[in-house]
Amino acid sequence: MRLSPTLPDYAAARASFNWSDARAQLNGMPAGINISHAALDRHLGTPTANQTAIRFLPREGDPVDISYRELAARANRFANLLATLGLQPGDGVYCLAHRIPDLYAAALGTLKHGGVFTPLFSAFGPEPIRSRVEIGAPVAIVTTERLYRRKLADWIHKMPSVKHVLLIGGVGEAPRGTLDVDDVLRDQSAEYATRAMNPEDPALLHFTSGTTGRPKGAIHVHEAVVAHHITGQYALDLHPGDIYWCTADPGWVTGTSYGIIAPLTNGVTMVVDEEEFDAERWYRILQDQKVAVWYTAPTAIRMLMKLGPELARRYDLSNLRFLASVGEPLNPEAVYWGRATLGLPFHDNWWQTETGGIMIANFASMAIKPGSMGRPVPGIEAGVARRTSAGIELIEEPDETGELVLKTPWPSMFRGYLHEEARYRQCFAGAWYLTGDLARRDAEGYFWFIGRADDVIKSSGHLIGPFEVESVLMEHPAVAEAGVIGIPDEIAGETVKAFVSLKPGHEPGEALRKEILGLARKRLGPAVAPRQVEFRDSLPSTRSGKIMRRLLRAQELGLPEGDTSTLEGARE
Ligand code: AMP
């Protein structure tokens with residue numbers, strides 16, 4: 001269908017933009033704000049109420065349609081359940097589940113009740129889950145019986161904060177200390193008066209990784225919905241009634257901001273697929289569900305490219321109108337491939353957990369520069385800066401590399417790292433937020449991604465903190481030191497490689513390598529564990545004993561070892 005772009009004139013929209021107009025679009029609650037009100041309740045007196053909100057594609061079997069009205073009722077039941085269990089506003093609710101409707105109802109119900117929602121990757125092993133539970137101290141955790149038995153049962157009941165373990169789809173009697181969600185929801189009312197929150201009240205806690213230390217819990221507030229909503233229009237070209245598919249899991253911030261919130265506030269029908277990547281399944285979904293707007297990631301695009309254009313051409317993809325990509329650098333070839341094979345280019349956009357929403361994008365109405373992340377969304381000022389002893393200095397000349405910085409504030413900006421005020425403060429210099437990414441801006445104001453300024457690894461779109469991986473490797477009795485880096489990978493962008501030195505009395509060998517890899521996989525899960533382990537007699541470290549990952553990386557990739565100190569430690 002031909003529709004005019006939501007942002008027909010970039011320069012004009014930038015010039016006239018203000019956040020209060022954007023907020024007015026959500027014709028808010030009489031007092032206060034609530035993400036779930038903007039996503040659900042607001043539509044109930046309108047024709048959107050009967051429109052499909054979620055078209056759920058289970059692993060096997062027929063699609064299930066859930067209307068806005070029905071989703072609101074399910075969220076209400078969940079909110080009532082939290083009230084019955086005695087949860088207070090501000091209490092944390094975690095969800096560890098595949099992409100199933102209960103996850104969406106739990107997220108929206110938690111927000112309605114004023115709780116703080118945290119989705120976790122179901123592909124995480126027990127270790128990343130445990131550390132996130134320790135840090136965030138949720139009061140309740142929602143999961144499936146299978147995931148509970150495999151990943152939580154051994155330890156979750158020892159966590160002092162966790163009062164309720166709610167199991168979805170339980171068969172038979174719920175294990176001791178858990179509640180069967182279906183059972184307890186049945187008695188709950190489908191009416192709930194969504195709690196009017198202060199715009200600055202916490203709503204979401206998303207974990208991200210840094211170079212050192214444990215994962216960081218980025219706090220987002222209800223006001224963030226204003227940015228989700230408007231960027232959904234501007235950067236994803238969402239129009240009411242669109243069929244939209246965001247392939248990201250809600251365990252990653254994209255799957256929440258643009259896989260739950262923005263599509264619902266914009267009144268679209270979102271496709272939710274329970275299954276993981278499978279090329280033929282994905283093409284079939286695009287065709288059969290008549291997807292108009294598709295938001296995906298470079299790793300998936302590269303996997304499709306590898307399988308060749310013939311496969312794509314077997315499907316009728318003529319309903320596609322707008323393609324967007326995020327999470328990792330999008331190679332220019334992928335943009336061209338989209339155009340040649342799917343009839344449309346991919347529009348790259350950039351953001352991160354801390355920004356809460358899309359900051360830089362190639363817009364529907366603007367010429368794409370393949371390889372560029374695009375231009376800042378209206379309402380966002382981006383710059384390139386170099387760090388100085390006094391803070392930062394903005395680089396005005398085009399094409400100079402520096403750190404990507406964003407002028408504060410904006411509604412979806414994180415409001416803190418949970419319990420880590422100092423770490424949070426380090427992310428700012430005056431009015432600017434320092435992203436930890438290196439970029440350049442060209443003369444036309446397009447931004448180009450250069451790399452990370454720190455040691456975190458991006459593998460298949462997942463941000464992986466080397467410290468988290470090293471800590472698990474160090475648990476192996478033979479391991480003395482561990483250093484973890486990302487090495488380039490044609491499909492995944494990067495994969496995790498570990499270097500270890502051994503304690504006296506242990507010899508490197510194939511059996512030990514397999515044992516260490518096996519331990520890492522079991523504890524961290526396949527999305528985070530290293531793919532390779534290399535033994536070294538010793539690892540390069542600083543005088544204070546910090547492993548120099550940059551040096552390991554330079555040695556591995558045959559890069560100059562020279563200036564390994566740039567920005568080191570500036571952002572942890
Ligand atoms: P996360 O917080 O997990 O969403 O990861 C955010 C990081 O992913 C950013 O800081 C970048 O390093 C990377 N990233 C996100 N989008 C892009 C993009 N379009 N191009 C290059 N890197 C990206």
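Helix α7 gets its cover from several elements, β3 (92–96), α6 (126–136), β5 (140–144) and β6 (164–168) among them, and these sit over its buried residues; helices here are DSSP runs of H or I with at least four residues, strands are runs of E with at least two, and both are numbered from the N terminus. The model is a predicted one, with local features needing pLDDT of at least 70 and side-chain atom pairs counting only at pLDDT 80 or more, while totals for chains, interfaces and linings use all residues. Residues are numbered from 1 along each chain as its sequence is written, and side-chain values use heavy atoms, with hydrogens and water left out.

Within α7 (residues 145–152), the buried set is Glu145, Leu147, Tyr148, Lys151 and Leu152, buried being under 20% relative accessible area, exposed over 50% and partly exposed in between, with a 1.4 Å probe and protein chains only. These residues span an arc of only 160° around the axis, so they lie on the same side of α7; the arc is that of the directions from the helix axis to the C-beta atoms. As background, an α-helix has 3.6 residues a turn, so residues three or four places apart point the same way.

Strand β1 (residues 52–57) runs antiparallel to β2 and is joined to it by four bridges, and Ile54 has Ile66 in β2 as its bridge partner. Axes are lines fitted to C-alpha atoms, for helices over the stretch in contact, and angles run from 0 to 180 degrees between N-to-C directions.

Another open sheet has three strands in the order β26-β27-β28, again with mixed pairing. Here β26 (479–489) and β28 (532–535) are the edge strands, each pairing on one side only. On average, neighbouring strands of this sheet are turned by 25° against each other, direction ignored. Four bridges tie β27 (residues 493–502) to β28 in a parallel arrangement, with Lys497 partnered by Gln532 in β28. Helix α16 (residues 466–473) lies across β26 and β27, and runs at about 140° to β26.

Gln532 turns up again in the surroundings of Leu517, a residue of helix α17 (residues 510–524): leaving aside neighbours within four places in sequence, Leu517 is in contact (heavy atoms within 4.5 Å) with Pro530, Arg531, Gln532 and Val533.

As for helix packing, the axes of α9 (residues 224–236) and α10 (residues 253–265) come within 8 Å and cross at roughly 85°. That makes α9 roughly perpendicular to α10, on a scale where angles under 35 degrees count as roughly parallel, over 145 as roughly antiparallel, 65 to 115 as roughly perpendicular and the rest as oblique. The contact involves Val225, Ala227, His228, His229, Thr231, Gly232 and Leu236 of α9, against Ser257, Tyr258, Ile261, Ala262 and Thr265 of α10.

Finally, the cysteines: there are zero disulfides, a disulfide being a pair of cysteine sulfur atoms within 2.5 Å. For Cys246, the nearest cysteine sulfur belongs to Cys95, 16 Å away. Cys246 counts as buried at 9% relative accessibility, and Cys427 counts as buried at 2%.

Key
Two strands pair if DSSP finds at least two bridges between them.
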